[in-house]
Amino acid sequence: MALALRVPTRVVHGLNATVFAYGSTGSGKTYTMVGTRSEPGLMVLSLNTVFDMIKSDKNSDYFEVTCSYLEVYNEVIYDLLEKSSGHLELTSSGRIQSRE
Ligand SMILES: Nc1ncnc2c1ncn2[C@@H]1O[C@H](COP(=O)(O)OP(=O)(O)OP(=O)(O)O)[C@@H](O)[C@H]1O
């Protein structure tokens, strides 16, 4: 099953999912994840599928969808949905928080 279908299927069944792209500069991470308007990437296809599945679900009447979009660059974490959050760090307990 294609990744863009496998991940949403798990999410809609209540499991967490992470798609992780890594590679050298210019190797196509952003292209693969975001894509273009005419060739949408994995994130866009996956989210479209999640909302299509929710719309067609007849068994549950409540869904809560949350997502985060993080970049790790030179060992610093950036929240790409909240640029003003600055540099973030991963604590030993697994939480992501602002650097002090
Ligand atoms: N499969 C592909 N088909 C067509 N163009 C591609 C493909 N993959 C990457 N590109 C193009 O190559 C260039 C670099 O890709 P991209 O920005 O996705 O790399 P990146 O790994 O995210 O880079 P960086 O680490 O610098 O952020 C872009 O202009 C992108 O449009």
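This is a predicted model: local features need pLDDT of at least 70, side-chain atom pairs count only at pLDDT 80 or more; totals for chains, interfaces and linings use all residues.
**Start with the whole chain.** Show the protein chain as a cartoon and you'll find three helices and four strands. Follow the chain along its sequence and the pattern goes α-α-α-β-β-β-β. The C-alpha atoms fill a box of roughly 45 × 30 × 25 Å along the principal axes.

**Next, colour the two domains.** Select 1-67 for domain 1 and 69-100 for domain 2. How far apart do the C-alpha centres of domain 1 and domain 2 lie? They are 22 Å apart.

**Now pick out the listed site.** Select Gly23, Ser24, Thr25, Gly26, Ser27, Gly28, Lys29 and Thr30: an unreviewed UniProt entry lists these under "binding site".

**Zoom in on Thr25.** You'll land in the loop between helix H1 (3-12) and helix H2 (29-33). Is Thr25 buried or exposed? Thr25 is exposed, because its C-beta has 6 others within 10 Å.

**Finish at Thr30.** This time you are in helix H2. Why does Thr30 count as exposed? Thr30 has 12 other C-beta atoms within 10 Å, and the cut-off for exposed is 12 or fewer, so Thr30 makes it into the exposed group.

Key: Residues are numbered from 1 along each chain as its sequence is written. Helices (H or I, at least four residues) and strands (E, at least two) are DSSP runs, numbered from the N terminus. Domain bounds come from an automatic or database domain assignment. UniProt positions are given in the numbering used here, feature names are shortened, and annotations may be inferred rather than shown by experiment. A residue is buried if 20 or more other C-beta atoms lie within 10 Å of its own, exposed if 12 or fewer, and partly exposed in between; C-beta atoms are placed from the backbone.
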